Amino acid sequence: MPNYETILVEKRDAVAVLTINRPDKLNALNSKVHLEAVAALDELKSDSAVRVLIITGAGEKSFVAGADISEFAGQTPVSQRAGFLERTLFNSLENFPKPVIAMVNGFCLGGGCELALACDIRLASEKARFGQPEINLGIIPGGGGTQRLTRLVGEGKSMEMILTGDLIDAATAFNLGLVNHVYAPNELEAKTMEMANKIAEKSPIALQMAKEAVKLAARSNLDEGLRREIDLFAICFSTEDKEEGVTAFLEKRKPVFQGK
Ligand code: COA
């Protein structure tokens with residue numbers, strides 16, 4: 001891994017941890033973060049030793065407090081549109097062929113909330129605060145918030161968050177289904193690693209097929225989704241991992257998946 005300026009990438013056995021590292025700016029996403037994170041994702045994608053990715057923010061206070069507002073100055077509609085269309089970080093995460101867990105340790109606002117929404121699972125500290133406050137700047141979410149938040153929590157709650165710009169606490173985010181679990185701040189990392197390690201033991205091919213199949217629920221109609229689920233299910237039957245999984249069950253032992 002190259003030395004990045006705005007992110008840290010650490011590999012803990014089969015789990016990679018990508019940390020947005022601008023704590024003095026509450027980890028706001030500037031263009032450099034986008035470029036570096038996309039480059040890191042490209043590398044992690046092809047590293048077969050990495051089976052699960054965790055995304056988090058540096059410091060005690062913030063996951064990511066949004067797009068870097070200082071970069072909005074002087075932007076024209078055309079440059080802003082081109083910049084956002086080029087910023088493939090959110091889509092890269094959604095299409096990343098391995099499970100991605102957002103470990104939300106604090107402020108999770110605007111582009112930060114959109115970043116978490118592009119991950120597969122969100123685990124939060126009791127201190128986390130969520131919101132899409134763009135409306136307070138006279139703009140709207142541009143990194144997928146209007147679409148992914150609405151699909152996750154429903155139109156009414158999404159509309160309320162986006163139209164008021166109000167922040168919600170972790171317990172409310174849990175009740176909305178925006179986060180999967182909420183933990184005490186000092187437990188968040190251990191609990192996240194525990195889940196990541198559990199997932200990392202599964203067949204990486206089955207994980208990839210499962211992620212793709214679940215994503216289809218929001219992207220296709222039911223007939224197409226069910227049809228493609230069967231294709232992805234059938235692909236698993238071509239793998240050594242499926243042989244290992246079934247054999248291990250019959251032999252009453254734990255499977256060891258090789259990703260083949
Ligand atoms: N873009 C750029 N800088 C940001 C930022 C963002 N989205 N969010 C925080 N920062 C910077 C602050 O400007 C400040 O920098 P400075 O020390 O050089 O002045 C530093 O991070 C600390 O933030 P500060 O506002 O002093 O912390 P706080 O605890 O008083 O408030 C927030 C925390 C999250 C409530 C507040 O920073 C905030 O509202 N941020 C913007 C959130 C937002 O609108 N996001 C959507 C953007 S589209």
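Which strands make up the open sheet of four strands, and in what order? The order is E4-E6-E8-E9, with mixed pairing. Strands here are DSSP runs of E with at least two residues, and helices are runs of H or I with at least four, both numbered from the N terminus. Two strands pair if DSSP finds at least two bridges between them.

A word on the model comes next. The model is predicted: local features need pLDDT of at least 70, side-chain atom pairs count only at pLDDT 80 or more, and totals for chains, interfaces and linings use all residues. Residues are numbered from 1 along each chain as its sequence is written, and side-chain values use heavy atoms, with hydrogens and water left out.

Strand E4 (62-64) and strand E9 (168-169) are the edge strands, and each pairs on one side only. E9 pairs with strand E8 (residues 129-131) in the antiparallel sense, over two bridges. Find Phe130: its bridge partner in E9 is Ile168.

Now turn to the open sheet of six strands. Its order is E1-E2-E3-E5-E7-E10, again with mixed pairing. Strand E1 (7-12) and strand E10 (181-183) stand at the edges with a single partner strand each, so one side of each has no neighbour in the sheet. On average, neighbouring strands of this sheet are turned by 20 degrees against each other, direction ignored. Strand E2 (residues 15-20) and strand E3 (residues 52-57) run parallel, joined by six bridges. Val17 stands opposite Ile54 in E3. Helix H1 (residues 31-45) packs on the sheet and touches E1, E2 and E3. The direction of H1 makes about 20 degrees with that of E1. Axes are lines fitted to C-alpha atoms, for helices over the stretch in contact, and angles run from 0 to 180 degrees between N-to-C directions.

Step back to the whole chain. It is divided into domain 1 (7-200) and domain 2 (204-250), with bounds from an automatic or database domain assignment. The C-alpha centres of the two domains lie 26 Å apart. Contact means heavy atoms within 4.5 Å. By that rule, 13 residues of domain 1 are in contact with seven residues of domain 2.

Where is the empty space? Rolling a probe the size of a water molecule over the atoms shows where it is left. On a 1 Å grid over the protein atoms alone, a cavity is a set of points where a 1.4 Å probe fits but cannot get out. A pocket is an open set with protein on both sides within 12 Å along at least five of seven lines. Lining residues have an atom within 4 Å of a point. Grid points are joined across faces, edges and corners, and a volume is the space filled by probe spheres set on the points.

The largest pocket has a volume of about 620 Å³. Of its 22 lining residues, the closest to the centre are Glu94, Cys119, Asp120, Val214 and Lys215. Helix H9 (204-219) is one of the elements that supply at least two lining residues. H9 gives the largest share, eight residues.
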